[in-house]
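Please read these notes with the model open beside you.

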Amino acid sequence: MSDRLLELRGIRRSFGDHHVLRGVDLDVDAHEVVALIGASGSGKSTLLRTVNLLEPIDDGIIRLAGDDISDPRVDADGVRARIGAVFQHYNLFPHLRVLENVTLAARLVHRMPRAEADRRGRELLASIGLDGFAGAYPDRLSGGQQQRVAIVRAILTDPQLLLLDEVTSALDPELVGEVLALVRALADGGTTILMATHEMAFAREVADRVVFLDGGVVVEEGPAAQVLADPQEPRTREFLSRLL
Amino acid sequence: MLVSALSTLVFAGLLFWAVAGSPGWARVQQMFLDPEVALASLPRILEGLLLNLQVLLFAAIGVVIVALVIATLRTLRGPVFFPLRALAAGYTDLFRGVPLLIVLFIVGYGVPGLEFFDRMPAAFWGTIAIILVYSAYVAEVFRAGIEAVHPSQRLAARALGLSHGQTMRRIVLPQAMRNVTPALMNDFVAMQKDVGLISVLGAVDAVRAAQIETAHFFNYTPYVVAGLLFVLLAWPTIRLTDWVSARMRARERAGSIV
Ligand SMILES: Nc1ncnc2c1ncn2[C@@H]1O[C@H](COP(=O)(O)OP(=O)(O)OP(=O)(O)O)[C@@H](O)[C@H]1O
Ligand SMILES: [Mg+2]
């Protein structure tokens, strides 16, 4: 397929004799939104970290837009610069102002001139209604505002792929909506997203495809509506029924 | 306010009465608190203090650099770096254990004996000894500060494509520095008076000058003068340290972040 963006083959990762990933196969096409679901401890975060090379793998192949990025000789910083990532929490740097946070990678990694980085940063902050906070430190923002800033920071340099790891799970319930709305807007705009999430309703609404991870392998995957409404595998059924 | 002022006055009065009423007071006063001797010895002691200040300046700069290197080495991960980690750990263990005075003697008398270097003044070797010892302490302070930075911060920086070095310089160290400022300032206060120990190598600093003046006048007042000067030197830093610590405690109470 010509528009395959990410390709994981046989990804294995153990911590001691704890085999977290036991051969994961997963594809993400360009402009596709894929939701990764699974019980706590099933290895969703570990898998996402292997994609941007923050977690070494014991075996397997990772291809990004055709390039084998699991090759040890690959420039890992260069690969990470092509992938945006937002984690559960502690994303923003507390000692840098909001605008500095947003433009840091553009200036340091992508060598974008400061004026241009600032202009793009302000534009993006304005698009989420936070341009008024450009000069503030992150602790002035609510948790939801911080996560939205972290997301626009991740997309400022137009990454090929956006990884989101439960970006709402550390938030108070009333702040979840604004963050999900931003993710939805990005998805609608054609951003390729691989996200781990506990929000099944959100996954059903936004994801093109849902992937269920259990026992270190992909147990079931398919169109979001189908997997979530009518799961074929007993383990998927059991997992989803426990959520209700 | 009034009560505390009054109570302080009464307390000071009582203390003075007790000391001044002691049988040996007159002799002690004459030997340690002679105003004429104090005035006469002041210029030389001040001149000596200038040397202490120079040593303090160079030592402070040296300590920050060496300590940062040691602390960074200690936080390196991975088996490849084991020798460097072990070396850095050995360094901090060694120099936190040895008394400064012994390091001063060994560096001050031993190293010049190797005749590797051109003759250097005693104050130079004193500065080196102070850097060696204080770097071990300050490196531990830095390391604690580095490790107190949440691991997710490092992860977030690396995820943006920042290199290890950029992550350290731009993200980890600035936050670590902020965490450890009060502890660093405390070490600086301690160093301010320990620079007086270089006198044992014969450098004519404030302490050594006081010693010379004491012998000259057959009177101990110069030591008191030197002591007071050291207190005066340290006092602003001490107050500043308290102020910074209090402010940081207040900020910690003010709130945390997601
Ligand atoms: N660096 C590590 N060292 C040891 N064990 C680890 C490490 N990282 C992850 N693990 C283990 O791997 C397993 C999977 O962790 P992971 O965080 O990927 O799960 P998850 O699916 O993201 O869970 P959650 O839904 O709670 O976020 C867990 O049992 C965890 O303890
Ligand atoms: Mg997780």
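This is a predicted model: local features need pLDDT of at least 70, side-chain atom pairs count only at pLDDT 80 or more; totals for chains, interfaces and linings use all residues.

1. Start with the pocket. α2 (76–81) of chain A supplies at least two residues of the lining of the second largest pocket, and so do α7 (151–159) and α8 (164–194) of chain B. The largest share of this lining, four residues, comes from α7(B).

2. The second largest pocket holds about 470 Å³ of space. It is lined by 21 residues, and those closest to its centre are A:L53, A:L54, A:E55, A:P56 and A:R80.

3. By class, the lining of the second largest pocket has 12 nonpolar, four polar and five charged residues.

4. Now the ligand. There are 14 residues around ligand 1, and A:S40, A:G41, A:K44, A:S45 and A:T46 come nearest. In this shell, β2 (18–29) and α1 (44–51) of chain A each supply at least two residues. The largest share, four residues, comes from α1(A).

5. Which classes of residue make up the shell around ligand 1? Eight are polar, three are nonpolar and three are charged.

6. An oxygen atom of ligand 1 lies 2.5 Å from an N or O atom in the side chain of A:S40. For A:G41, a polar backbone atom is 2.8 Å from an oxygen atom of the ligand. In the side chain of A:E166, an N or O atom is 3.2 Å from an oxygen atom of ligand 1. Taken alone, ligand 1 exposes 630 Å², and the protein buries 62% of that.

Definitions and conventions
Residues are numbered from 1 along each chain as its sequence is written. Chains are lettered from A and ligands numbered from 1 in the order in which they are written. Side-chain values use heavy atoms; hydrogens and water are left out. On a 1 Å grid over the protein atoms alone, a cavity is a set of points where a 1.4 Å probe fits but cannot get out, and a pocket is an open set with protein on both sides within 12 Å along at least five of seven lines; lining residues have an atom within 4 Å of a point. Grid points are joined across faces, edges and corners, and a volume is the space filled by probe spheres set on the points. Ala, Val, Leu, Ile, Met, Phe, Trp, Tyr, Cys and Pro count as nonpolar, Asp, Glu, Lys and Arg as charged, and the others, Gly among them, as polar. A residue is near a molecule or strand if one of its heavy atoms lies within 4 Å of it. A polar contact is a pair of N or O atoms within 3.5 Å; within protein, one must be able to donate a hydrogen and the other to accept it, and residues adjacent in sequence count only if both atoms are side-chain atoms. Accessible areas come from the Shrake-Rupley method with a 1.4 Å probe; for residues, only the protein chains shown count as cover.
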